[in-house]
Amino acid sequence: MKIKCVRLILAVLSVSLMGCGASRQAQLPTTRMSPESLKADVSLLKAILEKNHPSLYWYTTKDSLDEHFRQTILSITDSLTEHQFKNKLAWLINKIHCGHTAVRSSSRYNRLSTRKRSRQFPLSLKVWDDSMVLVNNSIRNHPELRRGTIITGINGYSNRQLLDSIYQFISTDGYTINFKQQIVSFNFPFYYANTFGLDSQYRVSYIDSTGRQRNAIVKSLTPRPELTRKDVDSLRGITRREFRQFKKMSKRSLLIDTSLHTAILKVNTFSEGHLQPFFRRTFRKLRQEKIENLVIDLRENGGGNIMSSTRLTQYLIKRPFKIADTVAAISRSFTHRQHIKPWFIYWLSMHVTGRKKQDGRIHFSYFENHRFKPKRKNHFDGKTYLVAGGYSFSAATLFVSALKGQDNVTVVGEETGGGSYGNTAMHLPVINLPNSKVRVILPLYRIVIDKNRPKTGRGIFPDIPVNPSSAAIRQGVDAKMEEVHELIISGKSQAKK
């Protein structure tokens, strides 16, 4: 089994490296677009959002948002590349404070960027608050710059200056900064380059092993050389079935520790991985193995299908529940339908499932009124630990929200990235701006999870907070899982007494 896993991993690496090597000469679009055409795109975007976005003024007043649009248009005084214009829109969309309203490059730009082998910032960093800690150094000639090293600045910018600059291009629910911190940690080189551009070398300030402030010059990362056909052939040897199995395992997995009667269920998405049959098999196995403790890891779960999230909830919750108090859109007509893809599918769905009520909104009544009952067969009643973090978003937040406060459930980790009060999501068509070809995600339904909660713009806070630390990173320790392990051991000790 171990040999198969190694072969699977090597095969996946070979595919990713082939993607880089096969298009060595790919060039990103650098065509500059006229200010008049870009201003027209901004004006069109404003018109579409005002017509169809149900939470445009949830956290920002209309006057303030109108002023942000005006300032964006006034700032376009010269021709811009797609990347420059995309960042202007990202800054603007960030002011809405909606994590599902996000800016994406054009399809062509995305396609070319995945094929282009360009230099990049060589350090992978974990960021939180004002902290930046080295996770991986791709350049080996700096022995002081090793895992766990505290970074204090780059090219003369402090951590706070760096992160504040990067965050202004990232959308989030309300004021959940933890979401921004987590996605930047996933790919710091990308977000650094997006904000500050690329250099041939960087001056990195850090704290050395004696506690002194030091500086190091690091060169940008050189792409790996192309794989030859012989290299690729040497990495082959897995079947298609094995490869599909590996992909499923990357979406969800189950590990059982028989000594502790504990299962660890990792769910990285609610969109893929044939989740519902997987959940059925999982909870049947938990019953057969007489599992007492269940740990559900949601730290990499950015959301997905609400019904998949609901099905998992049914195996754990003790009472009937509904998805949300409010699931409503402001319109089901698309005035600028030629720029919204695929408008017809969402138009049809909203006419079939939506109902216009006295408040003038289109309500998804099924999700507002239907109470889902707990599963009777294979329902899990033991101790449950939900491990959450900044990337626990959208449907993952709905899942945590439904279970938090139940007497056998403990939430461990960090504040979720998804809003505790609600978000704007459900249907997510894409606005294709005609001149720049830049795309903007357009959520159509406002979701109020619990109308009795205050609309603070924050996520769901854990029962037991476990924050990142340079010591845990340096030692390679999963502090959140270590805390859960201690809770399980402590619970067993108390049970014996």
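Visitor: How do the residues lining the second largest pocket divide into nonpolar, polar and charged?
Guide: Happy to start there, with the reminder that this is a predicted model. The second largest pocket holds about 590 Å³ of space, and 26 residues line it. Strand 2 (123-128), helix 7 (177-186), helix 16 (470-475) and helix 17 (479-496) each give two or more residues to that lining. By class, the lining residues come to nine nonpolar, eight polar and nine charged.

Visitor: Which residues lie nearest the centre of that pocket?
Guide: Rolling a probe the size of a water molecule over the atoms shows where empty space is left. For the second largest pocket, the lining residues nearest the centre are Lys126, Gln182, Arg299, Asp478 and Lys480.

Visitor: Which peptide bond is cis, the one from Lys341 to Pro342, and what is its omega?
Guide: Most peptide bonds are trans. Pro342 sits in the loop between strand 12 (340-341) and helix 13. The bond leading from Lys341 into Pro342 is cis, and its omega is near -15°.

Visitor: Helix 13 comes up there; is Leu348 in that helix buried or partly exposed?
Guide: Leu348 belongs to helix 13, residues 343-353. With Phe344, Ile345 and Val352, Leu348 forms a nonpolar surface patch of about 400 Å² accessible area together. An α-helix has 3.6 residues a turn, so residues three or four places apart point the same way. Because its relative accessibility is 40%, Leu348 counts as partly exposed.

Visitor: What is the phi of Lys290?
Guide: Most residues other than glycine have a negative phi. Lys290 lies in the loop between helix 11 (275-288) and strand 10 (293-297), and its relative accessible area of 63% means it is exposed. Its phi is positive, near 55°.

Visitor: And what is the phi of Asp129?
Guide: Asp129 is placed in the loop between strand 2 and strand 3 (131-137). Here too a residue other than glycine takes a positive value, with phi near 45°.

Visitor: Which residues of helix 8 are buried?
Guide: Helix 8 covers residues 188-196, and just after it Gly197 takes a positive phi of about 80°. Buried residues have under 20% relative accessible area. In helix 8 these are Phe188, Pro189, Tyr191, Tyr192 and Asn194.

Visitor: What distance separates the C-alpha atoms of Ser34 and Leu80?
Guide: Ser34 is in the loop between helix 1 (2-21) and helix 2 (35-52), and it is partly exposed at 33% relative accessible area. Ser34 and Leu80 are 46 residues apart along the chain, yet their C-alpha atoms are separated by 7.0 Å.

Methods:
Residues are numbered from 1 along each chain as its sequence is written. This is a predicted model: local features need pLDDT of at least 70, side-chain atom pairs count only at pLDDT 80 or more; totals for chains, interfaces and linings use all residues. Side-chain values use heavy atoms; hydrogens and water are left out. Patches are made of residues with over 30% relative accessible area and no salt bridge: like charges are joined within 9 Å, nonpolar side chains (Val, Leu, Ile, Met, Phe, Trp, Tyr) within 5 Å. Accessible areas come from the Shrake-Rupley method with a 1.4 Å probe; for residues, only the protein chains shown count as cover. A salt bridge is a side-chain nitrogen of Lys or Arg within 4 Å of a carboxyl oxygen of Asp or Glu. Helices (H or I, at least four residues) and strands (E, at least two) are DSSP runs, numbered from the N terminus. Buried means under 20% relative accessible area, exposed over 50%, partly exposed in between (1.4 Å probe, protein chains only). On a 1 Å grid over the protein atoms alone, a cavity is a set of points where a 1.4 Å probe fits but cannot get out, and a pocket is an open set with protein on both sides within 12 Å along at least five of seven lines; lining residues have an atom within 4 Å of a point. Grid points are joined across faces, edges and corners, and a volume is the space filled by probe spheres set on the points. Ala, Val, Leu, Ile, Met, Phe, Trp, Tyr, Cys and Pro count as nonpolar, Asp, Glu, Lys and Arg as charged, and the others, Gly among them, as polar.
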